[in-house]
Amino acid sequence: MSRSRMTLGMQLLLLQVAIVLTTVVGTGVTAMLIQERQLREGYQDRMIAVAQSVAGLPVILEAFDDADPSETIQPVAEVIRKASDVTYVVVANDLGIRYSHPNPARIGERVSTDPAIPLSGEIYVGTQTGTLGESWRVKVPIFDADGDVVGQVSVGILEAELRADFLGGLGGLLAALAVAALVGVVGSAWIGRVIRRRIYGLEPDEIRAMLETREAMLHGIREGIVAVDEHGRIVLMNDAAARLLAIHDPEQVLGRPVADVLDRELARFIASGEDAETPVLSGERVLLVHGDRVRVQGREIGSIAILRDRTELETTLRELEGAQGLAEGLRAQSHEFSNKLHVVSGLLELGHVDAAIGFIQRVGSGGALSTLDEHDGIADVETAALVLAKRSRAHELGLTLEVEPDSHLDAAVDARERTDLVTVVGNLLDNAVEACVLGGRISISIRDDLEPGKVDVRVDDDGPGVPPERRAAIFEPDVSGKTPAPGKARRGIGLTIVQRVAARLDGSVEVHESPMGGARFLVRLPWHGSGPDRAARAVAEDGSALAGDRR
């Protein structure tokens, strides 16, 4: 960037100096105008008072009847002029003939300015040029005992004297303005330095480049970024974070407390500024959050969190667990079938054909991997496949997973409803499997025929159950009695996801004591099935992949 242009500090200084000087000059001019007007008004009040007092003196009125009025009026007028500190006091009759004047040679002459206004009974105030020069003057009428105008009194002060008085009072004002201007300039320089220090000495082009780079970086990366200040208020949220946190307009949450915007677990982790990386549940997403404190020049100014979406990874881990379970089941079944083949071979070699046929009929449908018949009522292929996989996993762990005879589920019309149901059923069965011990039993019922547009899921187990005092907390994140193994999906979030899916769909989830001795989970979700005909067609198209032995 070119350094030939004026720096920001110099621009700020010149701008503030210009503002200060403009303000000072404007204030000074206004003050001088006010002072000049006050000076004139003060002289005007004095001249009116002097003129009216002279016009009302009895000695002046009586002198008008003398043969030579000036002999009486001139001495009186001069005494008053000197005592009042005015330039002149001139008394004239109704013809404009002077009876007094600072220059005695002018006595007996006609006045040099028009006396029409005072002779009409009015008071005149203004600037006129007379024998002594330009002056600020007042003219008042002289009334006799009958109220008739018999003359005028003119009192004035030269404009030169007014200007001298005005300029004489400007010294203090100009000194005050100079001090104010100096203080303003020094203050402007100090403010400029403070501002430069606050922005770390950066120039506008540098600030703009940094801002553009920051915006491009924040909104271009896939990871979400959330920053809070030392008071726990959100100061930054990029587009990726808003998408992960289901916030439509990130600008609307800036400045708000993080606890009012985000889930409690995530808000607590971000506000703590803990330097760690941990999976956190936000809504129905599992986020990998890396937090850290933000320090500028050794001072903590807040904390920042980087969010990565682990929802797909968590789902993959769960699917991997299921796949591993199926593989173990297949391996066990292969071993089982090998033993059965040896038995059949031995019976045939011994000539016991009927016994071999009976053995085949007796054990032909067993094994770790079993099937669900279409008569079991679960016509939705993905849901049936999920139950089949979970039952195989349970069998491999030494558990029994039963599908209730009253189950009924038509194939889904809306793929999103199917996805939500699979999520709920999978998490409920995972929770039941984890709760049971070797030899335990699990029961599941899925029915969409109890209420139109709804599906009810009931899962029972014979595990330890959920005490009444913990039934509300069981849906909170990380409420689990087991620690996840390395590489396994995080525990303690399955039931939280179930509860949040139900809440998003305006459904319901409840936990009670099961007749089997453990826990019973009841979930109701929206469901729109395709009906018996389409369900049967879906079953036919997908073969006999649907689920299990009726127990």
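**Exercise 1.** Leaving aside neighbours within four places in sequence, which residues is leucine 525 in contact with?

*Solution.* The model is predicted: local features need pLDDT of at least 70, side-chain atom pairs count only at pLDDT 80 or more, and totals for chains, interfaces and linings use all residues. Residues are numbered from 1 along each chain as its sequence is written, and side-chain values use heavy atoms, without hydrogens and water.

Step 1. List the contacts (heavy atoms within 4.5 Å): Asp420, Leu421, Val424, Gly453, Lys454, Val455, Ala502 and Leu505.

**Exercise 2.** Is leucine 525 buried or exposed?

*Solution.* Buried means under 20% relative accessible area, exposed over 50%, partly exposed in between (1.4 Å probe, protein chains only). Leucine 525 has 2%, so leucine 525 is buried. Of the chain's 551 residues, 39% count as buried.

**Exercise 3.** What is the strand order of the open sheet of 4 strands, and which strands stand at its edges?

*Solution.* Step 1. The order is β1-β4-β3-β2, with antiparallel pairing; two strands pair if DSSP finds at least two bridges between them.

Step 1. β1 (88–93) and β2 (124–130) each have a single partner strand, so these two stand at the edges.

Step 2. Inside the order, β3 (residues 133–143) and β4 (residues 149–158) pair over 9 bridges; isoleucine 142 has glycine 151 in β4 as its bridge partner.
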